[in-house]
Amino acid sequence: MTVITPYIILLLLCPLFGWFSWYEWKRPKKKRRMVRLAALWLVFAGFMALLFPPQVREVKPRGGQGVLITDGADKKMLQEFFTTLPAGIPTYSYWQYRYEQPQDVDTLHVFGYGLPADDWRSLAAPVIQWHAPASPAGITYADWERQLRLGDRLRLYGHYLNNRNKPVVLKLVWQGIVQDSMAVPAGADTGFHVSAGTYYAGANSYYLEAVSEDSLLAREPVPVQVLPAEKLRILLLADAPGFETSFLVNWLAREGYPLAVRYKLSRLQFSQSFMNMEPFPLGQPGLAQLDKFDLLITDPLSFAAAGAAFQRTVKEQVEQGGLGILFQADSSLGAASWHNRGIRLSLPVSAQGGRYRTIAGFDGARVLQQDSSGVRAVLQRAGRGYIVFNTKLNSYGWQLEGNTRDYQRFWKQLLEAGARNAGEPLTAPAEPFPVAGEQVTIVHRPDTGTVVNTTFPWVQITAAWLSSSGWQPGGWYLFNPGEWKTARAVQTMEQSRVFLAQYAAGSVNRLAPADTQEHRSLHRAWWLLLFFLPAIFLWMEKKLD
Amino acid sequence: MSGGEIIRRLRRHWQTERRITRLATGIGVGLLLAAMAKGLAGWQDGWLLLPVLVALVPALYWSLRQKTSLREVTDHLDQAYPLLEDSSSLLLEQPDAGSLLFRLQQQKTGSALQQIEWPKPYRENLLLTVASAALAFCLLLAVPAKQLAGGGDNVAAVPGTGSATSPPLQIAGVKVLIQAPAYTGLPAIVQTQLPVQTVQGAAIQWTLQTNKPVQKMQLLFNDSSVLVLRPADSSFTQWRGEKKAEKPGFYRVDTDGLPADFYTIEVKPDLPPVVNIISPEGQTNIEAGMPFRVAVRALLNDDYGLVSARLAATIASGSGEAVKFRNESIDFSSIVRRQKRVSWNHLLDLNQWQLKGGDELYFYIEATDDRGQSARSDVCIVRLPDTTELLSLDGLLSAMDIKPEFFRSQRQIIIETEQLIRDRNTMSVEAFNAKSNELGGEQKLLRLRYGKFLGEEDETQIGGHHDHDHGHDDDHDHDEDEAARNDAADFGNAEKILSEVTHQHDIAEDATFFDAETKKQLKATLTEMWNAELKLRVYQPVQALPYEYKALRLLKDLQQQSRVYVAKTGVKTTPLDLTKRGSGDQDKIIAPRLGYRQTTATTAEQEIAAGLMNLRSMADGDPGDLGKLQKAAVRLSAAAAGKPASLLPRYQALLRVMDALGKQARAAPADLEAASNGLAELLPAAPGLPSPALSPAATPLSKEYLKQLSAIDY
């Protein structure tokens, strides 16, 4: 019988009982008319109740216990636990519990590493007791940049719990070649850091191996998407060539960077050089011309002397377009303006055969280079762009010494910090270790202005369950369930700990426990009485007359 | 022939047949064992007799033990022939031995025996056994010997050398004789494997045997060199060739144009000797009064032994342009000969080389090994300071023209100051002070005289303020002019003020010909003189003495420096067009515009990286690019020559991958992995050059964020 059937019958009976009521109302004998009407409606109610017995809610007593077993459950703990409880305690896996939604479980005992926060929220149990196991040994934490430029170093940071009585050596391996290694002493719970170079652009798979003596304890993949190295487009404006700029220009040109250089020869005459790019008139660069470059290298005095119009153009390009400026500050920063707000140079310091200044004040700026004499380079944000102030103007000394490594490292930091960003829209999973067969939250930041959701406009978030591990079309890596198990277990334990603390404090929303009341019908005899007693009354009352 | 004789003859026949049968059984079993040893273990020639003999000996014993009795014969006859009525044994008895009935029965049986054909119950066994043994012998001949990768002269083929014809062409035997250089003391090695591991300079002789004649056999080496083997026998199945192993690499055996697999040649280099001087230090000064002896301790090492060693010394005597050099040496070859590690201790007596104060000794130790490789230690310098140099006048007297005679004055001032200090207790205070003041005056005069070389013409300046009286008199005595110049009448005289603060010389060299370094040292000398004068003026000659000494030392250093002289050369410049000067006209000047474009050829790293990426994509199921792999293979081949032990298997894996790619087949994952690892080993990490940051240039979110930030009124 469908849900609407009672209402149809009720609709059909209503005119009948309405006619009965009308009949009673119009009956010639007015005595006990109201009582008869009431009895009639009771009969009606009793009739309906007999047809469709109403149900009453009854609170079902709870107090039952259940056991939820998750990954990493300790058998010994479970056995000990079951000895303390009466037999017949139901045991569930997570999905089993979600599917069955057992009503009588009042206290849910959870064994194992626990569950992710979302899974905890979906559990319906008034009281949750988590019997957390000991933290698993091995690589308990690891993180690295999933995307790198060719030439960047892969730096892997992590934590290792060594519960063995022998040291463990962690090796970062690429193509069978050990790139870096670190020893973890016996019984230590310590952080580690290993690094490796990048060798070619494309999907690279490094491996982190844990080896104790000759036995391989773990071999975890470290996937890295290496993007091709790109050349910065640089514009250099200076009043006169100097050693520092000349060495820098030569080095950049040799490395194939597109570079435009303008030196001032006289008030109206400029020397222009175009390295690895097509020449174009480089008088006073406008917005369009500046847009061709990622970084402007100049000195404060040349910049000040370039005029207010040029400064305005540069400001717009920096703040709106993301152009970077690198000021080679040798003597003065010039008048206070938008580009040097908060930056203050020190008095000249004599050391190492020369006189130079350091950066004495750098409010709101980030220090890039520092030596024994003080801060030598800082980075400041200006709208969408960055401004770098550098007072180390004798880096060419490294070149003269043949120390290209330090020279390269110094200028890589300065130029990259200031230059305009050129990354691609990113698609990446939100989880640190997305695993095949489990839910993966894929975050995509498109470069279009499409509003996808209201919580995070311009961010697309997709939940997916992917079956095939390995490199995915978006350029990210899906791990096998057997990979990074320890790190994922520790992560799950941490999530469980946080959730249960919040849960205990009542500051977390989750699925309410299922209704513990049940619907029960009264015995039909009651409805028979309800029907027959008024009916008998009606009959009797008529007979009495 | 009587019945008894027949029975005895039968017994002999049967016994012979049974013995032959047993022997044939043993031989057959032995031949079967030999065939198994040949087929399964690769036994050859004489070794095959061993299993035959092993089986034959018990068979022989068993055969000799076999005895056929007459009773066996008669029993057999009685069972086989009822006609004999179980009475054949009666024939063995004497005819007159029994009764009548006995004789009748004997006669009857004898005549019956005459009538029957002689039975041959063991003939069939004999034939079968002999046939089986013959079959086993045929099997032994037919079964091929097991292929061994170097199992003696008769080992089976090296894989890959055979042709499709039957039987395939194979290298049946390998013998490699490795004779290390005699000085290494290593014994000659004969090996039956083709991969070679030896020391540098070893002579390698290959002797290869084929299973059938070949026309040509040669070894192809990684450096494109070819060793053509010569036939060692008339049947053209044995080939021989020699080569000296100088560097590691790999090679293939080419038999009639069919190259086989790769084999490594690992060569352990003979390293040059290592010489370290433990003592003395790199630079050693022998203080005055100490004996002219130096304890030399050196460690000399070589991997196979040293041949000679010597200490080579160079002695520098004199100074300046008068420096003379001579060479000496100490040979201690007899001590180090044939030694691998020598610690040489020697007390070097410098007197034997007539070293004197001021001389310098440079020495090093040189060692040579059997291969003729020599190595030197670092050079040690031993100095014998000349204690008389400081107070000598030689340098001062032989000065250049610019050194006036009053250079001596500083020394004189020192002597007089020391005398003054010594006389202090015997002099009055006034006299002491007066003498000190007088010496201060002398020091001032000396300072002013030197100041002339710096363009200082005034005692109040040390390289600072300049008096601009352009008379430039030699005496430079302008004290009396000072008062006149400070005349009140000059108050407000702009020219005078300007002349005070500006330098009106039209050249910046301060009218001197000294270079900056000389001027700097002169200035330092003047400073010391000034300090000395100050102390003398305040009657503190003891404190003045260090300054005086320092000034003297600086002067002497200056004297030494002045010996380096470079003549000035004239410079021709383009004549100036004076009509254009100061006009400010730049119209004709064309702003220079320079262009530069860096072009880089494809580097080895790029080719290796391309090959590696190609292999990785093949592992993911993509089709490979044979061209890229070939370029990478060239690089890997070159590297494998240097490190054949580790890289040759990977190079071979790459070749297999290329082979599979050429056949449009799927390469084995193990080969892909091995080849990738081989290329990866050659690939250096990419240099860290500046690149744009990876964060997106401008996302709508960042734009909106900036917009909202800009809207905030701080």
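Predicted model: local features only at pLDDT ≥ 70, side-chain atom pairs only at ≥ 80, totals over all residues.
**View 1. The salt bridge between A:R36 and A:E24.** The side chains of A:R36 and A:E24 form a salt bridge in which the closest N and O atoms are 2.7 Å apart. Because A:R36 belongs to helix 2 (residues 33-51) of chain A and A:E24 to helix 1 (residues 5-26) of chain A, the pair ties together parts that are twelve residues apart in sequence. A:R36 is buried, its relative accessible area being 3%, and A:E24 is likewise buried, with a value of 8%.

**View 2. The salt bridge between A:R32 and A:E541.** A:R32 and A:E541 meet through their side chains at 3.2 Å, taken from N to O. This pair links distant parts of the chain, since A:R32 sits in the loop between helix 1 and helix 2 of chain A, whereas A:E541 lies in helix 13 (residues 524-544) of chain A, 509 residues apart. A:R32 counts as partly exposed at 29% relative accessibility, while A:E541 is buried, with a relative accessible area of 2%.

**View 3. The salt bridge between A:R149 and A:E230.** In this pair the closest N and O atoms of A:R149 and A:E230 are 3.6 Å apart. The two residues link distant parts of the chain, with A:R149 in strand 7 (residues 147-149) of chain A and A:E230 in the loop between strand 13 (215-227) and strand 14 (234-238) of chain A, 81 residues apart. A:R149 is buried, with a relative accessible area of 4%, whereas A:E230 is partly exposed at 34%.

**View 4. A network of salt bridges.** Through salt bridges that share partners, A:E24, A:R32, A:R36 and A:E541 are joined into one network.

**View 5. The largest pocket and its lining.** The largest pocket holds about 1,200 Å³ of space and is lined by 33 residues, of which A:L115, A:P116, A:D119, A:E438 and A:T492 lie nearest its centre. At least two lining residues are supplied by each of helix 4 (94-100), helix 5 (117-121), strand 27 (439-444) and helix 12 (485-505) of chain A, and helix 12 of chain A gives the largest share, seven residues. By residue class, the lining divides into 14 nonpolar, eleven polar and eight charged residues.

Notes: Residues numbered from 1 in each chain as written. Chains lettered and ligands numbered in written order. Heavy atoms only, no water. 1 Å grid on protein atoms, 1.4 Å probe; cavity = no way out; pocket = protein on both sides within 12 Å on 5 of 7 lines; lining within 4 Å. Points joined across faces, edges and corners; volume = space filled by probe spheres on them. Helix = DSSP H or I, 4+ residues; strand = E, 2+ residues; numbered from the N terminus. Nonpolar A, V, L, I, M, F, W, Y, C, P; charged D, E, K, R; others polar. Salt bridge = Lys/Arg side-chain N within 4 Å of Asp/Glu carboxyl O. Buried < 20%, exposed > 50% of the residue type's maximum accessible area, 1.4 Å probe, protein only.
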